[in-house]
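My notes follow in the order I checked things.

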Amino acid sequence: MTNSIKHIALIPDGFRRWARMNGTSNYDSYESGFVKMGTFIEYFAKHEIRNVTLFCSSTHNFKRSDNDIRDFQASEMNFLEHIVIPIAQARDIKVQILGDYEIMPYANQSIIDKCQTSTRGGKHCTLTLCMNYSSTKALGECRYSTPASN
């Protein structure tokens, strides 16, 4: 039975606030949040929601301290390698990643590329992950594209 919901998008927020309130590190809060996102992915796939978008990081995340950037990027990459790829391959999910990930370290870019290429044939649903994403930048880029160039 196909679900009537066509698309769900999640914008998680407050990991650092949660860490402060619970006396844990930012890294641990990011890890916990990404594990929870994996649970959401499983749920959406099970209930046949065809398109899911998760906003993992925005350009604003990259304006934080070097330690915080390192922590959330490490958590994002763990999320891709140890949660997203296994779930996507098991559930036949295509993963696409939006955002400016070219500014990330080469090792992170390799993980992102692996995630997209290893799930390219997924037919059950599409999971879009936004990393270092800026809606303002994306809208600006759309303004300069034409249907023929897409």
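This is a predicted model: local features need pLDDT of at least 70, side-chain atom pairs count only at pLDDT 80 or more; totals for chains, interfaces and linings use all residues.

I noted the volume of the largest cavity as about 30 Å³. I then asked how many cavities of 30 Å³ or more the structure holds. The count is one.

Next I sorted the cavity lining by residue type. Seven residues are nonpolar, with no polar and no charged ones. I also looked up which elements they come from. α2 and β4 each give at least two residues to this lining. The largest share is from α2, with three residues.

**Why a probe.** I reminded myself of the idea behind the search: a probe the size of a water molecule, rolled over the atoms, shows where empty space is left.

**Pocket.** I moved on to the largest pocket and wrote down a volume of about 520 Å³. How many residues line this pocket? I got 24, and P12, D13, S58, N61 and R64 are the ones nearest its centre. By type, the pocket lining splits into nine nonpolar, nine polar and six charged residues.

α1 (15-22), α2 (26-46) and α5 (135-143) each supply at least two lining residues. The largest share, four residues, belongs to α1. I marked α2 in my notes, as this helix contributes to the lining of the pocket and to that of the cavity.

**Chain layout.** I stepped back to the whole chain. I counted five helices and four strands. Along the sequence they run β-α-α-β-α-β-α-β-α. The chain has 150 residues, and 40% of them count as buried.

**Helix packing.** I took α2 with α3 (residues 66-91) as my opening pair. Their axes lie 9 Å apart, at an angle of about 25°. That angle is under 35 degrees, so α2 is roughly parallel to α3. I recorded the crossing of α2 and α3 as right-handed.

I then turned to α3 with α4 (residues 106-118). This pair packs at about 15°, with axes 10 Å apart. Is the crossing of α3 and α4 left-handed or right-handed? I have it down as left-handed.

**Backbone angles.** I went looking for positive phi values.

One entry is E48. Its phi is near 55°, a positive value in a residue other than glycine. I located E48 in the loop between α2 and β2 (51-55).

Another entry is N132. Its phi is near 50°, again positive and again in a residue other than glycine. N132 sits in the loop between β4 (125-130) and α5.

I finished with accessibility for both. Is N132 buried or exposed? N132 has a relative accessibility of 4%, so I list N132 as buried. For E48 I read a relative accessible area of 26%, so E48 goes down as partly exposed. The cut-off I used for buried is under 20%.

Technical notes:
Residues are numbered from 1 along each chain as its sequence is written. Side-chain values use heavy atoms; hydrogens and water are left out. On a 1 Å grid over the protein atoms alone, a cavity is a set of points where a 1.4 Å probe fits but cannot get out, and a pocket is an open set with protein on both sides within 12 Å along at least five of seven lines; lining residues have an atom within 4 Å of a point. Grid points are joined across faces, edges and corners, and a volume is the space filled by probe spheres set on the points. Ala, Val, Leu, Ile, Met, Phe, Trp, Tyr, Cys and Pro count as nonpolar, Asp, Glu, Lys and Arg as charged, and the others, Gly among them, as polar. Buried means under 20% relative accessible area, exposed over 50%, partly exposed in between (1.4 Å probe, protein chains only). Axes are lines fitted to C-alpha atoms, for helices over the stretch in contact, and angles run from 0 to 180 degrees between N-to-C directions. Angles under 35 degrees count as roughly parallel, over 145 as roughly antiparallel, 65 to 115 as roughly perpendicular and the rest as oblique. A crossing is left-handed if the near helix is turned anticlockwise from the far one by less than a right angle, and right-handed if clockwise.
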